[in-house]
Amino acid sequence: MEQRRLIPLVIFALSLVMLWTHWIEYNQPAATTPPATIPSTVSTPESPALDDSVPAPARTVTPPAAAPTSSAVPRVKVETDVIRAEISAEGGSIVRLELLKHRSSENPENSYVIFDDGAAHIFEAQSGFLLNENLPLPNHRTLFELPDGNLALADGQDKLVVRLKAPAANDVSVTKVLTFTRGSYLIDVAYEIHNESADPLVAQAYFQFLRDGKPAEKSGGGLFGGGIQTFTGPAFYSDEGKFQKVSFGDIDENKAKFTANADNGWVALVQHYFVSAWLPPQGVSREYRTKKTSNGHYTAGAVLTPTTIEPGATGHIEARLYAGPQDQNKLEEIAPGLKLVVDYGVLTVIAAPLFWLLSWLHSLTGNWGWAIILVTIIIKALFFPLSAASYKSMAKMRVLAPRMQRMKELYGNDKAKMQQEMMNLYRTEKINPLGGCLPILVQIPVFIALYWVLLGSVEMRQAPWLGWIQDLSVRDPYFILPLIMGASMLVQMKLNPSPPDPMQAKIMMAMPIVFTIMFLWFPSGLVLYWVVNNLLSIAQQWQITRIIERGGKKAKAANDPKI
């Protein structure tokens, strides 16, 4: 019997290990490799990589002209209602971009910086044309002519257009046009190429990100206050290869595998809560590339198929740039598959509907904390029959505890006899000795899925509930919710039947302490879910236990006094 009583404890321990394993896996995600049926290529170009990541066509290498240091290059500032950008004259690259509707975790007084020129990261959006020995079309090292003064979206103005002119060469003029839109994190990037020469012009454009390998800012709520690190790195999407992540480590080791050639999809740089993506036009052939540059940075981008511009004609080459939050309700509208950057892992099948339900409840309540509470109530209601059956089994075992103790005294020296008598007792009283662990096993997948939803959904970032909880995605600053959660677990333990083995009883009583310590650093939204779930479980279990115990007292006189 003692061995059978150990089974719930073993299952409970395995559930705890599974939770811990998923915690570690999500905090240190590995690169996602494509299925074997998907053709993929290592994306290192055939030709040697040029310094500072200027792409080159196959078997053609022409060093770029020297450019001033970044601190000496002029910039123009552009501001809309949602972003503040700095565009460098060097290549017309966006070297700094602030998201005005999102605050920095490290300093809430400042806006969140996604593109950075070196304050915390090197991260910029670059574009240009592959090096051409016959005609030096501009690349991201070329110095463009900037407009005079900074630009801002005026009241009543929906679009702001920034035109940057490249130096003319051989009767060919190139203008880079960036179009910013009110209320949007999308930036249209286009090139106007006027070919006034007597010969056709072949231009092959590229759009890429340059970034250091450092992780993005840490989110609060990491174990022991260390902060949570999620995946940061390139990601590629195409109809053929689907969503494929590539870690910086795989790039270092030349193991970056993804579908390189397509006529659809996008390339992105994914980081916690935010994403930057180049979105070339659908139907235009492109080659996706990523590599490590000679100065230790990383590039990820797309090289489009060559475009021929006839003499006297004007060519247009364009791509859209998204740099903003991983807003799941808007990403899919921007590009197919883009919402996959919100990666919930293997439990997406649970996490995605859970987020949809949370979002719907948030639309009703206007508060993510109350939405979490309502989700908990709904989940509890769905599993009510299962929980009720489990609590009935535990309540009956609690009522039968004196008889089981008596059996242990009578048959303590005969383990086989004691096990046989207890199994007969379970069969007679219709008790499932494993029923007590079922609610926990059922909750574990939901618990992990909700953890990923809270960790990966930008909608939860800096979302307040009430009082001292001003950010549901980070730990409780005063550890109030974890302590309440630990106390509720202790109450639940008291309602459960005590294991006959004193050692088992001590281990079970230690569980509230272990979980409380773990939950001290979990996102407060997750702890809120567990607290509400425990309180509802206590109410349900207390009511069922009270009913069963009343019935047990009435039947006590009918029990065999020898048993």
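F479 sits in the loop that joins α9 (438–456) to α10. Helices here are DSSP runs of H or I with at least four residues, strands are runs of E with at least two, and both are numbered from the N terminus. This is a predicted model, in which local features need pLDDT of at least 70 and side-chain atom pairs count only at pLDDT 80 or more, while totals for chains, interfaces and linings use all residues. Residues are numbered from 1 along each chain as its sequence is written, and side-chain values use heavy atoms, with hydrogens and water left out.

F479 is not a glycine, yet its phi is positive, about 60 degrees. Most residues other than glycine have a negative phi. F479 is partly exposed, with a relative accessible area of 23%. Buried means under 20% relative accessible area, exposed means over 50%, and partly exposed lies in between (1.4 Å probe, protein chains only).

N254 also has a positive phi, about 55 degrees, and is not a glycine. Its loop runs between α2 (248–252) and β15 (257–258). N254 counts as exposed, at 54% relative accessibility.

## The chain as a whole

The chain has 563 residues, and 53% of them are buried. Its secondary structure comes to 12 helices and 22 strands. The accessible surface is about 25300 Å², and carbon and sulfur atoms hold 58% of that. Accessible areas come from the Shrake-Rupley method with a 1.4 Å probe; for residues, only the protein chains shown count as cover.

Take the contacts in the chain with a separation of 6 or more: 66% of them join residues 24 or more positions apart. A contact means heavy atoms within 4.5 Å.

Helix α10 covers residues 480–495. Its 16 residues should span 22 Å at 1.5 Å a residue, and its end C-alpha atoms are 23 Å apart, which agrees. The expected span is 1.5 Å times one less than the number of residues. Buried residues of α10 include L481, P482, M485, G486 and M489.

F519 belongs to helix α11 (residues 502–519). F519 is buried, with a relative accessible area of 0%. Which residues does F519 contact, leaving aside neighbours within four places in sequence? They are F447, P482, M485, V527 and W530. Both P482 and M485 are buried residues of α10. The C-alpha atoms of F519 and G486 are separated by 8.8 Å, though the two residues are 33 apart along the chain.

Helix α4 (residues 348–365) has 18 residues. They should span 26 Å, and the end C-alpha atoms are 25 Å apart, which agrees. Its buried residues are A351, L354, F355, L357, L358, S359 and L361. In an α-helix there are 3.6 residues a turn, so residues three or four places apart point the same way. G366 follows α4 and has a positive phi, near 75 degrees.

E332 lies in helix α3 (residues 328–334). E332 is partly exposed, at a relative accessible area of 38%. Beyond its neighbours within four places in sequence, E332 contacts G337, L338 and K339. The E332 side chain reaches the backbone nitrogen of G337 at 3.4 Å.

L386 is part of helix α6 (residues 384–399). L386 is partly exposed, with a relative accessible area of 33%. Together with I378, L382 and F383, L386 makes a nonpolar surface patch of about 330 Å². Patches are made of residues with over 30% relative accessible area and no salt bridge; like charges are joined within 9 Å, and nonpolar side chains (Val, Leu, Ile, Met, Phe, Trp, Tyr) within 5 Å.

## Salt bridges

A salt bridge is a side-chain nitrogen of Lys or Arg within 4 Å of a carboxyl oxygen of Asp or Glu. The count comes to 13 salt bridges. One of them joins E98 and R84, at 3.0 Å from N to O. E98 lies in strand β4 (residues 94–103) and R84 in strand β3 (residues 83–88), so the pair ties together parts that are 14 residues apart in sequence. E98 is buried at 12% relative accessibility, whereas R84 is partly exposed at 30%. A network of salt bridges links E79, R84, R96, E98 and D116.

R211 and D212 form another salt bridge, with the closest N and O atoms 3.2 Å apart. Both residues, R211 and D212, are buried. R289 and E287 meet at 3.5 Å, N to O. R289 is buried at 14%, whereas E287 is partly exposed at 26%.

Technical notes:
A polar contact is a pair of N or O atoms within 3.5 Å; within protein, one must be able to donate a hydrogen and the other to accept it, and residues adjacent in sequence count only if both atoms are side-chain atoms.
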